[in-house]
Structures are given as structure tokens and as C-alpha cells.
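Here is a walk through a two-chain model, from the overall picture down to a few residues. Have the viewer open as you read.

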Number of protein chains: 2
Amino acid sequence: MPPPPVRALLFDVFGTVVDWRRGVIDAVRPFLDRHGVATSAAPAFADAWRALYPTAMEKVRSGRRGFVRLDVLHRENLEAILPRFGIAPTAVPEAELFALNEAWHRLDPWPDAVAGLTRLRQHFVVAPLSNGNIALLLAMAKRAALPWDAILGAEVVQAYKPTPEAYLRTAELLALQPDEICLVAAHNGDLAAARRCGLRTVFVPRPTEHGLSQTTDLVAEQAWDVTAPDFEALADAFGA
Amino acid sequence: MPPPPVRALLFDVFGTVVDWRRGVIDAVRPFLDRHGVATSAAPAFADAWRALYPTAMEKVRSGRRGFVRLDVLHRENLEAILPRFGIAPTAVPEAELFALNEAWHRLDPWPDAVAGLTRLRQHFVVAPLSNGNIALLLAMAKRAALPWDAILGAEVVQAYKPTPEAYLRTAELLALQPDEICLVAAHNGDLAAARRCGLRTVFVPRPTEHGLSQTTDLVAEQAWDVTAPDFEALADAFGA
């Protein structure tokens with residue numbers, strides 16, 4: 001029996017749809033400047049901020065901490081790294097910390113993303129399946145005109161990727177079987193977890209997500225159902 | 001201090017955005033015909049189906065039953081009313097029951113709805129705050145081109161309106177204060193519950209939701225923040 005048709009394409013967001021590192025660097029630079037830190041530290045600041053993300057989420061995934069949205073983890077991680085750059089969190093006005101944390105709401109898509117999503121949306125349900133929280137993904141989508149049909153992800157199902165619950169509860173909400181859903185991601189680990197849950201998989205490498213010297217996720221580490229260089233090629237591959 | 005600006009307009013859906021009765025009647029008519037029942041019974045069938053909705057939800061709201069999505073309640077209610085129209089549920093093929101139940105996914109918007117929402121979306125977050133489940137609202141939106149920014153509602157927050165949790169947890173997900181949100185509904189009861197939670201309120205009467213002899217919700221029963229005859233006038237009122 002052939003597999004059922006794909007009904008929904010769900011997307012990892014940070015790195016896959018948007019260039020988080022460029023956006024965070026751009027937001028960090030004036031912040032550092034205001035606090036007397038060389039703006040050349042902005043890439044290191046962005047990388048340090050992001051580097052705390054897996055550990056923070058792991059506490060939730062492992063059950064050591066109840067579910068908290070990503071905005072909260074980002075804020076805690078921001079305050080954790082400030083001293084490394086010579087800035088005392090208590091010396092920064094609350095409004096400024098809040099605004100900097102919202103850099104994650106104001107990220108630009110890769111140049112092919114909106115065009116590809118717009119084509120795919122004519123044929124499939126398209127939605128984020130991101131660890132970003134609803135308010136974050138919503139603000140990002142409105143600013144960047146990402147044409148999502150719905151805002152799905154970790155907060156909706158109260159489970160962070162790559163736990164199986166993140167994928168399976170999302171399928172259940174959509175009233176779809178896992179193999180009627182395709183996860184699109186720039187990260188082999190996300191795809192591997194989705195495949196273990198029965199989802200189909202599309203790899204779209206984003207070789208500069210981590211900057212020009214990126215060493216990870218440059219190539220497909222398994223035979224994913226589709227590998228496409230960008231979202232326009234992805235739309236081609238799905239006949240959209 | 002003036003109230004904060006409204007950031008999000010959230011909409012009741014059944015009756016407020018879509019003409020559920022017309023759509024259900026249209027889906028019921030051929031079903032009755034196939035089963036040897038006069039198609040003139042279709043309006044009574046639609047009304048009987050809908051009439052079981054409050055009681056079914058009340059079991060969940062009261063905690064006597066765990067949260068189940070509206071598709072499940074609609075299906076149970078469908079099987080409950082079939083015998084009244086001389087049809088044994090067990091005599092109907094499963095695929096046919098399933099398809100008829102999905103009539104609630106295929107409802108047409110009132111003529112002003114898409115145009116008004118499209119204007120409002122340029123200035124505000126627009127999303128359903130409906131008791132409909134995610135898959136239902138998503139299918140409805142894609143078919144009818146409802147330009148939602150997100151799919152919110154009872155299933156996302158696991159609480160049916162008019163419990164306070166339905167409104168307050170939704171505000172929390174949006175990271176908004178209740179008075180930064182405006183509920184738009186054709187039902188005074190929904191607006192009264194939203195107001196008790198601190199939301200702002202817009203009444204858009206839909207005087208034929210229940211047919212030409214409708215007696216309820218014809219007029220505003222409180223001084224709602226805005227009363228507008230349709231979504232175009234609503235967009236006018238919000239400067240959209």
C-alpha cells in the first residue's frame with residue numbers, strides 16, 4: 001500500500017525559516033555599544049546566548065522543571081551571559097532587557113522562505129513546529145509576513161522537541177497520522193526524532209546558520225525523504 | 001490613565017464569523033435524502049444537532065468529563081439525534097458519519113467577514129477564540145480563506161468558553177493583558193464572560209444565525225465597548 005498523501009508541512013523555525021544569528025547580532029550590537037562593550041563582541045554574544053538554549057530546555061524535557069515558554073528561557077539565559085561581557089544584569093533597565101530579549105521575535109527569514117511557503121500553502125497546511133512560544137512565533141510571522149495557517153509548536157503541546165510528545169501531540173491536534181505530516185528542518189537531529197515518530201522528513205541545509213565557519217548540519221546524515229537546497233526547491237519537489 | 005491600546009481582536013466563530021446553520025443544513029439535506037427522510041427536515045436536524053452542544057460542553061466545563069475536542073462532541077451528538085429522524089446510527093457507514101460530522105469544518109463566512117478580517121489583520125493580531133478544535137478551525141479557515149494569524153481557542157487552552165480559563169489562558173499565551181484584547185462575538189453571553197475577565201468587547205449581531213425567526217442576541221444586552229453591524233463596520237470603528 002502506498003503511503004498516504006502528505007497533508008501538512010511543519011517547519012522548524014530558528015535556523016530553518018529565519019536567520020536567528022544575523023538578527024540577534026544586529027540587535028545585540030547597539031545594546032553592547034550603549035553599555036561600553038565593543039560591538040565586535042556581538043557574534044560571540046549571540047552564540048553564547050544561543051549556546052545556553054539546549055541546557056535550559058533539557059531541564060524541561062527531563063521533567064526537572066515544569067513547562068515554561070521559550071521567552072522565559074531566553075530571558076534567563078540573557079541574564080546569565082551578561083556578566084561574561086562585563087555587564088551586570090541589575091545595571092540594565094528592565095525595559096532594555098525586555099526589548100533585547102524580543103530580538104528573537106524580530107528575525108528575518110532566509111530569502112527563499114516566504115516565497116516557498118506561499119507556494120506550499122496553496123496545497124498543504126503549513127505551520128511552524130518550533131520550540132518558540134506562541135507570542136514569539138506570532139510576532140515573528142506578522143513582522144516577516146510568514147504565511148502560516150496556524151501557530152503550532154512546543155507551547156501548544158507543552159513539550160519541547162525533540163521529545164516524541166512534541167511531534168505526536170501535534171499530529172493528534174491536526175487529526176493526522178504521523179506519516180501524513182512532513183517535518184522540514186535544517187537540523188539532522190530534529191529530523192531523526194521526527195522520523196522515529198513516523199513523520200516524513202525534509203532536510204533543507206542552512207550552511208551559514210552558525211556563521212561562515214559552520215561545521216554541523218552541512219549535509220544529510222540519513223536518507224531523508226527529500227533534501228532541497230531552499231524552500232523554492234522544496235515547493236518544486238512537492239509540486240506546489 | 002487611558003486604557004492600553006488593543007493588540008489583538010479575537011473572534012467567536014460559529015455564528016459570528018460563519019453561518020453554521022446554513023452550512024449544516026446544506027450538508028444534512030443530501031444525507032437525509034439518501035436515508036429516505038424528507039429533506040424538509042434538514043433545518044430541524046441542524047437545530048437539534050446544535051441544541052445538544054451546550055449540554056455536551058457543560059460536562060467538560062464542570063469537570064465531570066476530561067477535555068475532549070469539539071469534533072468528538074459533534075459526533076456523539078450526531079449519533080444521539082439520528083434516531084429522532086428515523087435513522088439508526090449503526091445503519092450508516094462510518095465514512096458517511098465522518099463526512100457529515102465534518103460539515104462543521106466546511107462552513108461559509110458571512111459575506112462581510114473575510115473583507116473585514118483582512119483589513120483588521122493589517123493593524124491587529126486576529127485569531128479565533130472559538131470552542132471549535134484546531135483541526136476544525138484550520139480546515140474551515142483554509143476553505144474559506146479566513147486570514148487568521150493563529151488558531152487559538154478551547155483546544156489550545158483545554159477549556160471551553162465561557163469559563164474564565166478560556167479567555168485568561170489565551171491572554172497569557174499571547175503575553176497580553178486582558179484589556180489589550182477585544183473579543184468579537186454575536187452572543188451577549190460570550191461577551192459578558194469575556195468582560196468579567198477584563199477583555200474588551202465588540203458585539204456584531206447576526207440576526208439570522210438561528211434562522212428568520214431568531215429571538216435571541218438581536219440586540220446588545222450591555223453597553224459593549226463597540227457594537228457594529230458587520231465586520232466592515234468593525235474595521236471602520238477600529239480605524240483599519
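Two residues are called in contact if their C-beta atoms, placed from the backbone, lie within 7 Å. Helices (H or I, at least four residues) and strands (E, at least two) are DSSP runs, numbered from the N terminus. With that in hand, take helix 7 of chain B: what covers its buried residues includes strand 2 and helix 9 (164–173) of chain A, together with helix 4 (70–81), strand 2 (125–130), strand 3 (152–153) and helix 8 (154–157) of chain B.

Some ground rules. This is a predicted model, in which local features need pLDDT of at least 70 and side-chain atom pairs count only at pLDDT 80 or more, while totals for chains, interfaces and linings use all residues. Residues are numbered from 1 along each chain as its sequence is written, and chains are lettered from A and ligands numbered from 1 in the order in which they are written.

**Confidence and overall build**

The predictor's per-residue confidence, pLDDT, runs from 0 to 100. For chain A the mean is 97, and 99% of the residues reach 70 or more. The complex gets an ipTM of 0.95 and a pTM of 0.96 from the predictor.

Chain A has eleven helices and six strands. Its C-alpha trace spans about 65 × 35 × 30 Å along the principal axes. The radius of gyration is taken over C-alpha atoms, and the globule rule is 2.2 Å times the number of residues to the power 0.38. For 240 residues a compact globule would come out near 18 Å, and chain A, at 18 Å, agrees. Of the contacts in chain A with a separation of 6 or more, 62% are between residues 24 or more positions apart.

Burial is a count: a residue is buried if 20 or more other C-beta atoms lie within 10 Å of its own, exposed if 12 or fewer, and partly exposed in between, with C-beta atoms placed from the backbone. By that count, 46% of the 240 residues of chain A are buried.

**The sheet**

Two strands pair if DSSP finds at least two bridges between them. In chain A, six strands make an open sheet in the order 3-2-1-4-5-6, with parallel pairing. Strand 3 (152–153) and strand 6 (226–227) of chain A are the edges, each pairing on one side only.

| Strand pair | Bridges | Facing residues |
|---|---|---|
| Strand 1 (residues 8–11) and strand 2 (residues 125–130) of chain A | Four | Leu9(A) and Val126(A) |
| Strand 1 (residues 8–11) and strand 4 of chain B | Four | Leu10(B) and Leu183(B) |
| Strand 4 and strand 5 (residues 200–203) of chain B | Four | Cys182(B) and Arg200(B) |

From strand 4 of chain B the chain crosses through helix 10 (residues 188–196) of chain B to strand 5 of chain B, and this β-α-β crossover is right-handed. Right-handed here says that, with the strands pointing away from the viewer, the path from the first strand over the helix to the second runs clockwise.

How much of strand 4 (residues 181–185) of chain B is buried? Five of its five residues are, so the rest of the structure largely encloses strand 4 of chain B. Ile181(B), Leu183(B) and Ala185(B) are buried on one side, and Cys182(B) and Val184(B) on the other.

**Where the chains meet**

14 residues of chain A are in contact with 14 residues of chain B. On the chain A side, helix 7 (134–144) and helix 8 (154–157) each supply at least two residues. Helix 7 of chain A gives the most, with five. That side of chain A divides into eleven nonpolar, no polar and three charged residues. (Ala, Val, Leu, Ile, Met, Phe, Trp, Tyr, Cys and Pro count as nonpolar, Asp, Glu, Lys and Arg as charged, and the others, Gly among them, as polar.)

Now back to helix 7 (residues 134–144) of chain B: eight of its eleven residues are buried, so it is largely enclosed by the rest of the structure. Among them are Ile134(B), Leu138(B) and Met140(B).

Phe98(B) lies in helix 5 (residues 94–101) of chain B. Phe98(B) is exposed, with 12 other C-beta atoms within 10 Å.

Asp112(A) sits in the loop between helix 5 (94–101) and helix 6 (113–121) of chain A. With 18 C-beta neighbours inside 10 Å, Asp112(A) is partly exposed. Leaving aside neighbours within four places in sequence, Asp112(A) is in contact with Asp230(A), Phe231(A) and Glu232(A).
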